[in-house]
Amino acid sequence: LQQRSQYNPDSLLYLSFLAILVWAPLPFASNRVWAGALLAALVGLVLAGWLLLYAVGKASMDPSLWRRARLPLALLVLVQCWVALQIQYLPRSWVEALSPQAYAWHVGEGWLSLSLDREYSKYYLLRGCALTAGFFLTLVLVNTHRRLRIFLQVLVFSGTFQAAYGAMMVLSGLELGFFVEKYAGQGVATGTFVNRNHLAGYLVMCLAAGIGLLLSQLATSQAINWRDRVRRWLRLLLSPKFRLRIYLAIMVVALVLTRSRMGNIAFFVSLAAAGAVAVFAGRRFSPRLMLFLSSLFLVDLLILGRWFGLDKLLQRLEQTNPGGEPRTWSNAAVLDYVREFFLTGSGGGSFYGVFPNFQSTALEGFYLHAHNDYLEFAAELGLPATAVLMVFTCMALHSSIAAQKQRRNPLCRGAAFAVTMTVCWAALHSLVDFNLQIPANALTFVTLLAVAFVCRTLPSRYTA
């Protein structure tokens, strides 16, 4: 990229964007007000730089990519416009008409807002704008095959670092988080995250990127004889492909060490689902693909997992009683919350302040988030805005499946596989957790979704 900087004025912006993706998980997954604000500022600076280059004619977007991605981008912008409306002061009669519940809950005089927590909704809007900018920057900066490959490699690097660090903290007993001693999740891998489930979610997205890279490097021709087969095995042991396989193994070890039940289940289910889509999209049976996916299951699950505490994870799964889980009890109260604010929501980021009003005495503890992304989006933003976000995600899934069907470029097909696996993971894990409320995970998620549209428009020939 440095060698081609004279031909690509946005190379520095691209490298800066990749650095932001690596930085985002480090300060407690950017799930602190200062860290989230810093993340938004960094993304904003890169966006401002690209807009400046665009204004002077040094940057552009592929017209075919714009045609495919403008609607999903518009949907994200629409959601941010809705949050901006939630924090605006409106005439009391308007608020009463749009949200009688919010009107009844307000105690102030004069004009009112739809949000019951305007100050935090402002921060929520800042984060949402950063995610929208991250989606857009992925579209305009990941514009060659080389950049797409490096993008996936950076996610693998970041995931491997988080996995190695988290595993080392558990196995060594140091139990350090981000420069401080861990105050939660001791005895399990959390990396620089606070919650093990969120590290598990991040690792699954990075694993998806790595598996997509490996898929793009599968051999396309049969070995001629046993000598050719031996030569291929020797080349494999000395190739970057073998190192990539080791990185994936490290991430799987850390995933098991998180002891995250749904994180591990979602990984294997999403891998199986994405594999089935890949086989179907190929329109013919691929023995190499089936052998590759089977090796991921057997090697990672039976060998590495057994050495690093798979039995403890299985014990947690066996002891799981859905009816006895507090997160399951809380969903009933959150549903009552959603019914109260089903149209306009209570305001982005207001869950922690509003939910105690629906929390029964039997449900102990303080809930900063709902243990269900679908319900939290519906409670804070309303059902229409939540439906818009779901349509946005489904469009990315459709585009990733179409790329696997239509494209013959191995890298594009592998990247599309990563997107499919990521969406399947999010659809499942979001049922019991709030990964998409964590800035680092949300940013990684939307950038991977943007890759679905990039894959369909990159030329068939390799571009640097």
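Helices are DSSP runs of H or I of at least four residues, strands are E runs of at least two, and both are numbered from the N terminus. By this rule the protein has 19 helices and 0 strands. The model is predicted: local features need pLDDT of at least 70, side-chain atom pairs count only at pLDDT 80 or more, and totals for chains, interfaces and linings use all residues. Residues are numbered from 1 along each chain as its sequence is written, and side-chain values use heavy atoms, with hydrogens and water left out.

Buried residues (under 20% relative accessible area, with exposed over 50% and partly exposed in between; 1.4 Å probe, protein chains only) make up 54% of the 464 residues. The accessible surface, computed by the Shrake-Rupley method with a 1.4 Å probe, comes to about 20,900 Å². Carbon and sulfur atoms hold 66% of that surface. Contact means heavy atoms within 4.5 Å. Among contacts with a separation of 6 or more, 77% join residues 24 or more positions apart.

A nonpolar core is a set of buried Ala, Val, Leu, Ile, Met, Phe, Trp, Tyr and Cys residues joined through side-chain atoms within 4.5 Å. The largest such core has 112 residues. Leu 139, Leu 141, Phe 151, Ile 211, Phe 267, Phe 417 and Met 421 touch the most other members. Helix α8 (residues 196-216) gives the most to this core, with 14 residues. Beyond its neighbours within four places in sequence, Ile 211 is in contact with Leu 248, Phe 267, Leu 271, Phe 292, Leu 296, Phe 417 and Met 421. Another core, of 20 residues, lies apart from the largest one. Its members include Leu 90, Tyr 337, Leu 363 and Ala 379.

Aromatic rings were then examined. Rings of Phe, Tyr and Trp (its six-membered ring) pair if their centres lie within 6.5 Å; planes under 30 degrees apart count as stacked, over 60 as edge-to-face and the rest as tilted. The count comes to 19 aromatic pairs. In one of them, the ring centres of Phe 135 and Phe 392 are 5.2 Å apart and the planes stand at 70 degrees, so the pair is edge-to-face. This pair links distant parts of the chain: Phe 135 belongs to helix α6 (residues 118-141) and Phe 392 to helix α17, 257 residues apart. Both Phe 135 and Phe 392 are buried. Elsewhere, ring pairs join Trp 105, Tyr 337, Phe 341, Phe 351, Phe 355, Phe 358 and Tyr 367 into a cluster.

A charge sits over a ring if NZ of Lys or CZ of Arg is within 6 Å of the ring centre and within 35 degrees of the ring normal. Arg 118 lies over the face of Tyr 89, at 4.1 Å from the ring centre. The charged end of Arg 147 sits over the ring of Tyr 14, 4.8 Å from its centre.

Helix α16 (residues 373-381) is mostly covered, with 8 of its 9 residues buried. The buried set comprises Asp 373, Leu 375, Glu 376, Phe 377, Ala 378, Ala 379, Glu 380 and Leu 381. Polar contacts are pairs of N or O atoms within 3.5 Å; within protein, one must be able to donate a hydrogen and the other to accept it, and residues adjacent in sequence count only if both atoms are side-chain atoms. At the start of α16, a side-chain oxygen of Asn 372 reaches to within 2.9 Å of the backbone nitrogen of Tyr 374. Gly 382 follows α16 and has a positive phi, near 95 degrees.

Thr 386, in helix α17 (residues 383-406), is buried at 7% relative accessibility. Its side chain reaches the backbone nitrogen of Ala 378 at 3.2 Å. Outside four places in sequence, Thr 386 touches Tyr 374, Phe 377 and Ala 378. Leu 343 lies in the loop between α14 (326-340) and α15 (351-354) and is partly exposed at 43%. Its C-alpha atom is separated by 5.8 Å from that of Leu 383, 40 residues apart along the chain.

Two residues other than glycine show positive phi. Phe 179, at about 65 degrees, lies in the loop between α7 (145-172) and α8 and is exposed, with a relative accessible area of 75%. Arg 259, near 55 degrees, lies in the loop between α10 (240-257) and α11 (261-282) and is buried at 9%.
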